[in-house]
Amino acid sequence: MALVVVTNRIPAEGLEALRAEHEVRAWEHEECISRADCLRLVAGADAVVTLLTEKVDGEFLDAAGPQLQVVANVAVGYNNIDVAACQARGVIATNTPKVLTETTADTAFGLMLMVTRRFGEGERIIRSQTPWQWGMFYLLGMGLQGKTLGIVGMGQIGAAMARRAVAFGMDIVYSDEHEAPAELLAGMPSGAVRRMSFDELLRVSDVVSLHCPYLPSTHHLMGAEQFAAMKRTAYVVNSARGPIIDEAALVAALQAGEIAGAGLDVFEQEPTVHPGLLAMDNVVLLPHLGSATTETRAAMARLAADNVLAVLRGERPITPIT
Ligand code: GLV
């Protein structure tokens with residue numbers, strides 16, 4: 001029996017699978033674990049299950065100890081994990097791709113609808129009991145049909161977003177360092193999805209939706225220059241990671257009317273949100289709900305547990321990061 005540490009609350013589907021084979025030490029409190037408690041909790045672990053709120057760096061790995069074999073992140077994004085530090089210590093790192101693809105694409109699509117059709121703004125008007133009346137020109141938004149969606153990063157989630165947008169009658173363009181494999185775009189009408197440079201995508205898109213991982217190379221990928229290159233009528237949607245957007249530059253671009261609006265599920269300094277964004281009606285803000293359904297979170301926890309169980313049995317993990 002090995003010791004598996006779970007650093008925050010996860011769905012029972014994951015915990016039960018782990019408990020069936022190993023001793024489990026889990027953080028059971030409502031509030032997120034502090035760094036100090038986390039470093040104490042992981043001591044002596046053979047495997048650790050982490051959330052994206054934990055920074056897994058050299059200090060964390062050393063606190064666990066040299067017996068540590070695997071860190072299983074319950075998220076597809078793994079910018080919280082120092083992969084090189086794991087590799088240097090022979091620790092395997094895993095994530096949870098695919099199980100959250102459709103749910104996260106739903107969130108991105110929902111943000112796009114909310115911001116282009118001004119649904120958040122309308123809801124705030126009703127809730128604040130502001131007087132309103134149906135009118136031919138009241139709260140008009142932008143229709144999506146016939147518009148161009150620019151997908152930055154054509155991975156699983158980008159492709160799921162593209163499928164939804166095709167169904168809504170949008171044209172799809174994407175930028176990615178690789179041509180999307182045919183199976184990723186299966187079922188979409190041929191020619192409906194075109195690859196182009198990032199710069200061209202910014203110029204032609206009516207909505208730019210970010211689906212790339214957060215890496216040093218994508219830090220502030222969207223900054224002042226990029227917002228200036230977009231159409232003044234265009235929107236940006238971010239369901240990937242906050243720091244892919246330079247938030248101060250986004251606020252400035254919105255204030256200057258360089259773009260029409262933004263739909264954001266992620267922020268540069270979560271849980272803090274730039275005050276400039278809070279003040280604007282053409283911005284939709286969600287508290288990082290990308291994969292937040294009961295079904296998807298259960299599937300993520302189960303996949304993370306299965307990764308741990310595989311490594312502890314001496315097998316290859318199902319979804320290794322490297
Ligand atoms: C959520 O943000 C994830 O990366 O899974």
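Which residues are around the ligand? They are Leu52, Ala75, Val76, Gly77, Leu100, Arg241 and His288, where a residue counts as near a molecule if one of its heavy atoms lies within 4 Å of it. The legends describe a predicted model, in which local features need pLDDT of at least 70 and side-chain atom pairs count only at pLDDT 80 or more, whereas totals for chains, interfaces and linings use all residues. Residues are numbered from 1 along each chain as its sequence is written, and side-chain values use heavy atoms, with hydrogens and water left out.

**View 1. The nonpolar surface patch around Phe137.** Trp134, Met136, Phe137 and Leu140 make a patch of about 590 Å² (residues with over 30% relative accessible area and no salt bridge, nonpolar side chains being joined within 5 Å). Phe137 belongs to the loop between α6 (119–127) and β6 (148–152), and with a relative accessible area of 71% Phe137 is exposed (buried is under 20%, exposed over 50%, and partly exposed in between, with a 1.4 Å probe and protein chains only).

**View 2. Tyr174 in strand β7.** Tyr174 is placed in β7 (residues 171–175) (strands are DSSP runs of E with at least two residues, helices runs of H or I with at least four) and is buried, at a relative accessible area of 1%. Tyr174 and Val152 are 22 residues apart in sequence, and their C-alpha atoms are 5.7 Å apart in space.

**View 3. The salt bridge between Arg89 and Asp62.** The two side chains meet at 2.9 Å, N to O (a salt bridge is a side-chain nitrogen of Lys or Arg within 4 Å of a carboxyl oxygen of Asp or Glu). This pair links distant parts of the chain, 27 residues apart, with Arg89 in the loop between α4 (83–88) and β5 (92–94) and Asp62 in helix α3 (residues 58–64). Arg89 is partly exposed at 35% relative accessible area, whereas Asp62 counts as exposed at 52%.

Conventions:
Patch = residues over 30% accessible without salt bridge, like charges linked within 9 Å, V, L, I, M, F, W, Y side chains within 5 Å. Areas by Shrake-Rupley, 256 points an atom, 1.4 Å probe, with all protein chains shown as cover.
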